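Subject: Structure handover

Hello,

The structure is below, followed by notes on what was found in it. Please read the notes with the coordinates open.

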Amino acid sequence: MSRIYNFSAGPSMLPTAVLEQARDELCEWHDTGMSVMEMSHRSKSYVGIAEQAEANLRALLAIPSNYKVLFLQGGATGQFAAIPMNLLRGKSSTCYVNTGIWSKKAISEAKRFSSVTLSASAEADNFTTIPARSGWAVDPEAAYLHYTSNETIGGVEFQDIPDAGGLPLVVDMSSNILSRPLDISRFGLIYAGAQKNMGPAGITVVIVRDDLIGEVLPGTPSIFDYQQQADNGSMLNTPPTYPWYLLGLVLAWLRGQGGLVAIEAINRRKSTKLYQAIDDSPFYSNPVDMACRSRMNVPFKIANTDLEKTFIAEAMSAGLANLEGHRSVGGFRASIYNAMPESGVDALIAFMAEFERKYG
Ligand SMILES: Cc1ncc(COP(=O)(O)O)c(C=O)c1O
């Protein structure tokens with residue numbers, strides 16, 4: 001087996017130990033004579049797998065008991081719509097902070113259901129920074145305030161939880177959940193697709209304070225109704241059983257690494273050394289305000305764009321895959337989620353130095 005370093009933004013690397021465990025359990029899970037994929041979601045074995053995943057998530061994030069944890073389908077994109085459907089609760093307006101392409105997508109979906117106040121926007125700065133909290137406009141009548149804690153494409157990350165001005169705080173944490181400890185009690189709702197830091201594509205986690213649910217917009221499909229999902233253990237219909245199982249393995253692996261304090265220290269080390277390598281070089285550059293640089297997605301450019309194809313090809317030959325920047329911004333992007341080993345970042349830094357020596 002030869003595994004390369006995969007810098008994809010998502011779906012992205014999974015811990016090798018998790019894949020090996022899944023391989024070992026593929027055909028038969030724990031003397032059941034069947035694969036997890038073949039189990040009824042109502043079976044005792046599978047319900048145990050699902051409950052263990054939730055228990056591990058609750059332990060990792062210290063989720064208080066007044067928060068529901070839901071395992072849903074439809075991706076974070078589905079939540080862009082489900083959130084206003086569930087959280088408007090008789091109100092008609094919402095507040096959104098625009099820090100990049102994912103914020104914009106959340107906003108355009110929210111506009112289908114509510115009148116959106118743009119509390120702040122970094123668009124004029126080409127999404128290279130986060131507007132200072134002091135300048136945000138928060139409508140006290142809004143149902144909630146939404147932000148994107150890590151912009152996967154722009155490489156911009158909130159380093160602190162913003163003050164929600166008295167509104168329930170809602171966050172899209174798709175690309176940095178579980179990368180550092182979190183005070184869940186500051187939030188009304190946290191959501192994240194699994195395929196970056198938690199598992200394979202196909203499952204989406206929603207953590208929601210229980211007093212915020214139970215009053216959906218008339219016409220909301222049952223499948224998007226958080227209360228109905230909570231009442232049915234996220235099994236209102238057949239859930240994505242295998243992604244849920246894999247997510248559980250990733251959570252167990254994370255606990256084995258020492259939990260979020262330990263993983264944060266590694267993430268800090270990996271990102272600091274990669275940004276240092278970029279900043280120390282006249283050949284590479286990163287456009288993001290230093291105070292808002294993402295620990296998860298590191299975009300970078302070279303001045304001579306004619307060399308980009310050569311960089312990607314030579315990186316691939318060196319076992320470093322998927323370093324292309326998002327098609328909307330170009331350049332390069334290294335996604336270094338929890339499962340990217342530090343040795344992968346070291347290999348990338350060494351490759352970048354060698355590439356600069358050859359072509360710089
Ligand atoms: C921050 C963020 N939000 C939302 C999404 C959309 O997720 P999904 O494809 O699961 O709907 C992504 C996907 O890359 C993302 O990075």
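A polar contact here is a pair of N or O atoms within 3.5 Å; within protein, one must be able to donate a hydrogen and the other to accept it, and residues adjacent in sequence count only if both atoms are side-chain atoms. This is a predicted model, in which local features need pLDDT of at least 70 and side-chain atom pairs count only at pLDDT 80 or more, while totals for chains, interfaces and linings use all residues. Residues are numbered from 1 along each chain as its sequence is written, and side-chain values use heavy atoms, with hydrogens and water left out.

Ligand site

Thr77 has a side-chain N or O atom 2.5 Å from an oxygen atom of the ligand. In the side chain of Asp172, an N or O atom lies 2.6 Å from a ligand nitrogen. Ala76 contributes a backbone N or O atom, 3.2 Å from a ligand oxygen. The ligand taken alone exposes 390 Å², of which the protein buries 84% (accessible areas by the Shrake-Rupley method with a 1.4 Å probe; for residues, only the protein chains shown count as cover).

The residues around the ligand (those with a heavy atom within 4 Å of it) include Phe80, Trp102, Asn150, Gln195 and Lys196. This shell divides into 3 nonpolar, 7 polar and 2 charged residues. By that scheme Ala, Val, Leu, Ile, Met, Phe, Trp, Tyr, Cys and Pro are nonpolar, Asp, Glu, Lys and Arg are charged, and the others, Gly among them, are polar. Helix α3 (residues 75-87) supplies the largest share of the shell, 4 residues. Helices (H or I, at least four residues) and strands (E, at least two) are DSSP runs, numbered from the N terminus.

Backbone and loops

The peptide bond from Gly10 to Pro11 is cis, with omega near -5°. Pro11 lies in the loop between β1 (5-6) and α1.

Two residues other than glycine have positive phi: Arg89, at about 45°, and Asn126, near 60°. Arg89 is in the loop between α3 and β3 (93-98) and is partly exposed, at 31% relative accessibility. Asn126 sits in the loop between β4 (115-121) and β5 (145-148) and counts as exposed, at 63%. Buried means under 20% relative accessible area, exposed over 50%, and partly exposed in between (1.4 Å probe, protein chains only).

Ser35, in the loop between α1 (16-24) and α2 (44-61), is buried because its relative accessible area is 6%. Its side chain reaches the backbone nitrogen of Met37 at 3.1 Å.

Regards
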